[in-house]
Amino acid sequence: MPLPRTRGTALRQQLAELRGPDVPAKALDARALAALAANPGCRRRAILDGAGVNKAALASALGAPSAFGQSQFALTRGNAFEAKVKADGGAELLRLVHETLDHRAEAPTGARVPDLTAIGPEGRAARTALALREATEAAGVWTLLDHPMLALDVAGSPAFLEPDAVVVHPDGTWTVVEIKSFPMLDGSADPAKVGAAARQAAVYVLALEQVAARLQPAPEVRRRVLLVCPKDFSNLPTASAVDIRKQRAVTDRQLTRLTRLQDIADALPEGTCFDPARPAEELTAAVEAVPATYAPECLAACELAFHCRHRSREAGAVTALGRSVRAELGGLTTVADVLAAARGEAGDPRDPAVAALRRATELRAEALEAAREAQEAPACR
């Protein structure tokens, strides 16, 4: 539920102060939201993304620059491919939507492409909502919304999202379109990349559902999205329908679990600021004032991952070993605790994790003793 206007205004001012004076906010996109939903316990990422902090610049200022992100070559190639797919009023894109998702509808011979330009993200989101309503009411007509703007409430703060395209079918249903530059070879693409695209699309579907809920009757937002990629090693577009019901449910649940930004901001020391121009010591103290939940998966999803990994290793946190290891260790949160429990120096022997560690230590000692005896045996004969 959106915050009341007065409280929301106060929160926006508070987040702007955290970002730094005269520092422009970095937009929270669907890729960042999908990564945030995958690690909802990380308050550090939640407040930095909510405040619009440029985490890449922040990581560099902390002395732990990240290589996370797309290369300029990949961005240029992706933009060129997207322009090709949307050429001629989106004729090729609509053909792919018709053949892949809605072949029973009348083939698109033309489509409405409404102008979505407006001032600011709030204005563009309002213009998009109006265009979606008009397209839904225009029964029997295909409509293509090119780079619409959608708003999604995240931890009490609005995030403005811009999918590649949204198609309104003649029956009034809505479909999210994701255009990617990675190839689709023999009808299938890299599962990891398809999974990442599905998680992004799930965020867009959630935002579209919020728009649809304000209409009467509420139109259906399709849970199968269209993924458009280059075919084989050519630049010709091909498409596949991706069922994102699972990703949508997981993302919705994880975003709901996020601690509200107001609560995180209120817990920070007065004067906390994440402006990369601040002195290194002051900046480090500001970042460390917010607890992080590091896991190795962060290296592929967050610009601050190297900094958080270094701090996690310094603290001996078992989370640096991975979420699966952390889950197996129960209440043992540091490597020192684990080693002490394994050696019998600490820990409750009735704890299953402690008992398993001690048994593993015994087995290791037995194996080493057997190996030593096997090495010494030839010398005794």
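Which residue takes a positive phi just after helix 14? Just after helix 14, the residue with a positive phi, of about 80°, is Gly 344. The model is a predicted one, in which local features need pLDDT of at least 70 and side-chain atom pairs count only at pLDDT 80 or more, whereas totals for chains, interfaces and linings use all residues. Residues are numbered from 1 along each chain as its sequence is written, and side-chain values use heavy atoms, with hydrogens and water left out.

The secondary structure of the protein amounts to 15 helices and seven strands, where helices (H or I, at least four residues) and strands (E, at least two) are DSSP runs numbered from the N terminus. The C-alpha trace spans about 90 × 60 × 40 Å along its principal axes. Of the 381 residues, 43% count as buried, a class defined by a relative accessible area under 20%, with exposed meaning over 50% and partly exposed in between (1.4 Å probe, protein chains only). Among contacts (heavy atoms within 4.5 Å) between residues at least 6 apart in sequence, 65% join residues at least 24 apart. In helix 14 (residues 335-342), the buried residues are Val 338, Ala 340, Ala 341 and Ala 342.

Two helix pairs are described here by axes, which are lines fitted to C-alpha atoms over the stretch in contact, and by angles that run from 0 to 180 degrees between N-to-C directions. Helix 2 (residues 30-38) packs against helix 3 (residues 43-50) at an angle of about 155°, the axes being 10 Å apart. Helix 2 is therefore roughly antiparallel to helix 3, given that angles under 35 degrees count as roughly parallel, over 145 as roughly antiparallel, 65 to 115 as roughly perpendicular and the rest as oblique. The crossing of helix 2 with helix 3 is left-handed; a crossing has this hand if the near helix is turned anticlockwise from the far one by less than a right angle, and is right-handed if clockwise. Ala 32, Ala 35 and Leu 36 of helix 2 meet Arg 45, Ala 46 and Asp 49 of helix 3. The residues of this contact comprise four nonpolar, no polar and two charged, where Ala, Val, Leu, Ile, Met, Phe, Trp, Tyr, Cys and Pro count as nonpolar, Asp, Glu, Lys and Arg as charged, and the others, Gly among them, as polar.

For helix 8 (residues 191-212) and helix 9 (residues 245-257), the packing angle is about 70° and the axes lie 9 Å apart. These two helices are therefore roughly perpendicular to each other, and their crossing is right-handed. The contact involves, among others, Ala 198, Ala 202 and Leu 206 of helix 8 and Thr 251 and Leu 255 of helix 9. By class, the contact of helix 8 with helix 9 has six nonpolar, two polar and four charged residues.

Strand 2 (residues 150-154) has a covered face formed by Leu 150, Leu 152 and Val 154, while Ala 151 and Asp 153 form the uncovered one. Strand 2 pairs with strand 3 (residues 157-161) in the antiparallel sense over five bridges, pairing requiring that DSSP find at least two bridges between the strands. The bridge partner of Ala 151 in strand 3 is Phe 160.

Several backbone features remain to be described. The peptide bond from Gln 216 to Pro 217 is cis, with omega near -10°, and Pro 217 lies in the loop between helix 8 and strand 6 (224-230). Asp 88, in helix 6 (residues 87-101), has a positive phi of about 60° although it is not a glycine, and Asp 88 is exposed, with a relative accessible area of 73%. Asp 232, placed in the loop between strand 6 and strand 7 (237-243), has a positive phi near 50° and is partly exposed, with a relative accessible area of 28%.
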